[in-house]
Amino acid sequence: MKIVLINPPHTAIGSRIPDDHLPPLGLLSVGGPLIDDGHHVELIDAEFGPMTIAEIVGRVTAKSPDLVLIGHSGSTSAHPTARAIAEAIKRGHAKISIIYGGVFPTYHWREVLAETTAFDILVRGEGEETMRRLAEAFATSRPLATVSGIAFRSASGEVLATPPAQAIDDLDAYRVGWELIDHDNYSYWGGKRAVVMQFSRGCPHLCNYCGQRGFWTRWRHRSPELFAREIARLYREEGVELVNLADENPTSSRKAWLAFLEAMIAENVPVQIVGSTRADDIVRDADILHLYRKAGVVRWLLGMENTDEATLTLIKKGGAKATDREAIRLLRQHDILSMATWVVGFEEEKLSDLWRGFRQLLSYDPDQIQALYVTPHRWTPFFRIARDRQVIETDIRKWDYKHQVLKMRYLNSFVLVACVKLIEVAVQARPKALMRILFHRDREQRHSMRWYTQMGRRVWFHEILEFLFRRRHLKNGPTLEDFWGAPQDAEEESMLRPRRHLKSFDAAE
């Protein structure tokens with residue numbers, strides 16, 4: 001079958017401002033197995049340009065596919081664009097079957113299929129095996145009801161869902177379709193040829209606001225040796241210089257992560273690795289952090305989320321301020337950059353709370369900071385806690401963590417945004433941070449910090465201008481539950497748990 005994968009253009013300022021683009025890993029991960037099954041697969045990456053909807057439809061028309069698959073990593077905020085693309089394709093090509101996958105459609109399948117007839121089928125959960133079976137069902141005219149992990153309309157128009165699909169046991173059994181992209185077009189950190197990859201899926205921790213934990217069902221990882229070998233091949237054959245890990249928590253198993261570090265060191269390729277992990281894993285691995293750096297790890301985003309112990313308890317983060325501070329100190333000791341995330345809005349902060357958080361951030365002394373706003377997802381336990389809070393932003397294109405979406409009891413939007421933006425400047429522009437940007441002993445780290453600072457400055461100004469001239473918050477908006485619907489944390493796990501854990505390492509080790 002002829003299958004076209006579409007990566008919609010994202011509306012987020014952070015996607016539009018940088019000159020760099022990263023490849024759409026989710027679509028490539030689905031594309032590889034489809035190619036191996038004999039299907040003709042092509043990718044339309046509409047982030048470049050970005051393409052207009054008319055241009056996307058024109059590309060689809062030229063390829064005359066049997067199936068179109070739409071998906072995006074920022075699936076909630078990208079949904080309106082994905083829907084507009086699907087509807088435009090359907091208007092001119094009603095016979096093309098359009099399939100939609102990602103985290104948002106996994107949980108909002110009822111609403112998505114009710115609001116538009118443009119999407120024929122929604123994939124719920126991981127897409128690699130489900131899409132293989134779905135493509136086979138189309139090719140052989142097998143009933144859709146025989147494919148697990150999807151939602152669709154019956155012949156009578158009734159919205160139906162098949163039983164959940166089995167989560168993938170062996171991640172190494174499915175390859176990424178790297179041949180679908182031209183590596184010349186993708187870069188990160190100021191022009192370094194780059195890719196997005198996953199060593200693991202899921203997270204064993206219980207943070208109640210996380211929209212990813214339940215989607216992946218259980219923490220699993222690839223073979224450390226095979227993963228390192230794939231990175232080395234991408235460097236030697238495609239010139240890839242940087243790998244951005246999309247894992248929620250790649251270091252969950254010390255044994256598995258250590259095996260990967262040793263395999264990367266043995267491959268002896270100068271690839272830089274960036275990603276996200278937990279501060280307590282860094283402290284746990286204090287004795288092997290020199291191997292992190294030797295294997296190519298140059299920056300970790302540390303999901304600290306907040307600097308208040310009561311808030312950390314509320315969201316079940318499981319972290320501690322002392323651990324966060326120590327993790328940043330250890331990373332700096334090994335020339336690994338730290339980016340601290342700080343989320344506003346878990347509780348009803350006052351100015352005094354923001355001031356205390358700011359002082360705590362200064363004491364952490366991170367190399368970089370990413371300030372975010374709480375953005376509750378309906379399938380997470382935190383949604384139930386926040387269900388009665390008032391929504392002030394009903395344009396879900398803004399539900400991207402970089403826009404305030406919930407009303408604050410004690411702070412109006414102008415004061416909150418002003419404080420957050422001032423805190424970002426104060427943390428990034430303090431003398432210590434500026435000295436590192438200018439005089440860090442590692443030339444590559446100086447380059448990366450300067451690129452991030454330049455890009456961040458441009459995004460900062462655009463966010464201020466957008467808030468002042470292009471945003472209109474509701475004064476009396478709906479409650480969170482009225483806006484999205486009833487909590488669905490009972491459905492948080494999107495797939496059936498793996499029947500067995502094939503790897504020799506466990507996340508608890």
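1. The second largest cavity of this predicted model holds about 130 Å³ of space. Its lining is made up of 14 residues, and those nearest the centre are Tyr 373, Lys 402, Val 417, Lys 421 and Glu 463. Two or more lining residues come from each of β16 (368-373), α17 (413-428) and α19 (443-469). Sorted by class, the lining of this second largest cavity comprises six nonpolar, two polar and six charged residues.

2. The largest cavity is lined by 15 residues, of which Ser 29, Val 176, Gln 198, Arg 201 and Arg 222 are the closest to its centre. At least two residues of that lining are supplied by each of α2 (25-36), β10 (200-201) and α9 (224-238). Here the lining divides into seven nonpolar, three polar and five charged residues.

3. Strand β9 (residues 192-197) runs parallel to β12 and is joined to it by four bridges, with Val 195 having Val 243 as its bridge partner in β12. Strand β13 (residues 272-277) also pairs with β12 in the parallel sense, over three bridges, and within this pairing Asn 244 has Val 274 of β13 as its partner.

4. Together with helix α10 (residues 254-267), the strands β12 and β13 form a β-α-β unit that is right-handed.

5. Because five of its six residues are buried, β1 is largely enclosed by the rest of the structure. With β2 it pairs in the parallel sense over six bridges, and Leu 5 stands opposite Leu 43 of β2. With strand β3 (residues 67-71), which also runs parallel to β1, there are four bridges, and Ile 3 has Leu 67 of β3 as its bridge partner.

6. Helix α7 (residues 128-140) contains 13 residues and spans 19 Å from its first C-alpha to its last, which is close to the 18 Å expected at 1.5 Å a residue. Just after α7, Ser 141 adopts a positive phi of about 60°.

7. Trp 189, which is not a glycine, has a positive phi of about 55° and lies in the loop between β8 (187-188) and β9; its relative accessibility is 1%, so Trp 189 counts as buried. Thr 217, likewise a residue other than glycine, has a phi near 75° and is found in the loop between α8 (213-216) and β11 (220-221); because its relative accessibility is 6%, Thr 217 counts as buried.

8. Where does the chain contain a cis peptide bond? The bond that joins Gly 49 and Pro 50 is cis, with omega at about -10°, and Pro 50 is placed in the loop between β2 (40-45) and α3 (53-63).

9. Is Glu 349 buried or exposed? This residue is located in the loop between β15 (337-344) and α15 (351-364), and, because its relative accessibility is 10%, Glu 349 counts as buried. The C-alpha atom of Glu 349 is separated by 9.4 Å from that of Leu 416, although the two residues are 67 residues apart along the chain.

Terms used:
Residues numbered from 1 in each chain as written. Predicted model: local features only at pLDDT ≥ 70, side-chain atom pairs only at ≥ 80, totals over all residues. Heavy atoms only, no water. Pairing = 2+ DSSP bridges. Right-handed = clockwise from strand over helix to strand, strands pointing away. 1 Å grid on protein atoms, 1.4 Å probe; cavity = no way out; pocket = protein on both sides within 12 Å on 5 of 7 lines; lining within 4 Å. Nonpolar A, V, L, I, M, F, W, Y, C, P; charged D, E, K, R; others polar. Points joined across faces, edges and corners; volume = space filled by probe spheres on them. Expected span 1.5 Å × (residues − 1). Buried < 20%, exposed > 50% of the residue type's maximum accessible area, 1.4 Å probe, protein only.
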